[in-house]
Amino acid sequence: MSATLAVILVLAVGTYALRLVGPVLHGRVTLPARAQELLSAGAVVLLVALLATGALTEGGGFAGWARPAGVLAGGALAWRRAPFVVVVLGAAAVTAALRAAGLE
């Protein structure tokens, strides 16, 4: 067995074990309310960080103004509870319009 195959198998088993822990421990382990609040806040912080890095950077540098403007437009549409298709098309339209106007 090659080392690459062994690593893949270990990662597969670990991933399956992590997915199995939730249903197995459901109802047996209860977290305090404060821990649940912190986990929820942590998830939001991670999603915002992912959004920021994806919207603002490309290739280790600034992505330009069109992409963040499109993300902001999509966020505004999502905030107003627009349908998902409208959010995606609105963000893409704003980004495309700004790029067509020469604002990278």
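Arg34 and Glu37 both lie in helix 2, 3 residues apart, which is about one turn of the helix. Helices here are DSSP runs of H or I with at least four residues, strands are runs of E with at least two, and both are numbered from the N terminus. The two side chains form a salt bridge in which the closest N and O atoms are 3.7 Å apart. A salt bridge is defined as a side-chain nitrogen of Lys or Arg within 4 Å of a carboxyl oxygen of Asp or Glu. Arg34 is exposed, at 54% relative accessibility, whereas Glu37 is partly exposed, at 48%. In these terms, buried means under 20% relative accessible area, exposed means over 50%, and partly exposed lies in between, with a 1.4 Å probe and protein chains only.

The structure is a predicted model, in which local features need pLDDT of at least 70 and side-chain atom pairs count only at pLDDT 80 or more, while totals for chains, interfaces and linings use all residues. Residues are numbered from 1 along each chain as its sequence is written, and side-chain values use heavy atoms, with hydrogens and water left out.

The protein has 4 helices and 2 strands, and along the sequence these follow the pattern α-α-β-β-α-α. The radius of gyration of the protein is 21 Å, well over the 13 Å that the globule rule gives for 104 residues, so the protein is more spread out than a compact globule. This radius is taken over C-alpha atoms, and the globule rule is 2.2 Å times the number of residues to the power 0.38. Taken along the principal axes, the C-alpha atoms fill a box of roughly 55 × 45 × 25 Å. Buried residues make up 12% of the 104 residues. The accessible surface of the protein comes to about 8300 Å², and carbon and sulfur atoms account for 74% of this surface. Accessible areas come from the Shrake-Rupley method with a 1.4 Å probe, and for residues only the protein chains shown count as cover. Of the contacts between residues at least 6 apart in sequence, 42% join residues at least 24 apart; contact means heavy atoms within 4.5 Å.

A nonpolar surface patch of about 730 Å² is made by Tyr16, Leu20, Val21, Val24, Leu25, Val29, Leu31 and Leu39. Patches are made of residues with over 30% relative accessible area and no salt bridge, where like charges are joined within 9 Å and nonpolar side chains (Val, Leu, Ile, Met, Phe, Trp, Tyr) within 5 Å. Helix 1 (residues 3-25) gives the largest share of the patch, 5 residues. Leu31, another member of the patch, is found in the loop between helix 1 and helix 2 (33-56), and is partly exposed at 44% relative accessibility. Ala17 also lies in helix 1 and is partly exposed, with a relative accessible area of 37%. The C-alpha atoms of Ala17 and Val44, 27 residues apart along the chain, are separated by 25 Å.

The count of salt bridges in the model comes to 2. Glu58 is partly exposed at 48% relative accessibility, and Arg67 is partly exposed at 21%. Arg67 is also touched by Arg99, which has contacts with Ala66 and Glu104 as well, not counting residues up to four places away in sequence. Arg99 is found in helix 4 and is partly exposed at 35% relative accessibility. The C-alpha atoms of Arg99 and Arg67 are 32 residues apart along the chain and separated by 8.8 Å.

The model holds 1 aromatic pair. Phe62 and Trp65 form this pair, which is edge-to-face, with 5.1 Å centre to centre and 70° between the planes. Rings of Phe, Tyr and Trp (its six-membered ring) pair if their centres lie within 6.5 Å; planes under 30 degrees apart count as stacked, over 60 as edge-to-face and the rest as tilted. Phe62 is partly exposed, with a relative accessible area of 48%, and Trp65 is exposed at 57%.

Arg81 is found in the loop between helix 3 (66-79) and helix 4 (84-100). Phi of Arg81 is near 60°, a positive value in a residue other than glycine. At 76% relative accessibility, Arg81 is exposed.
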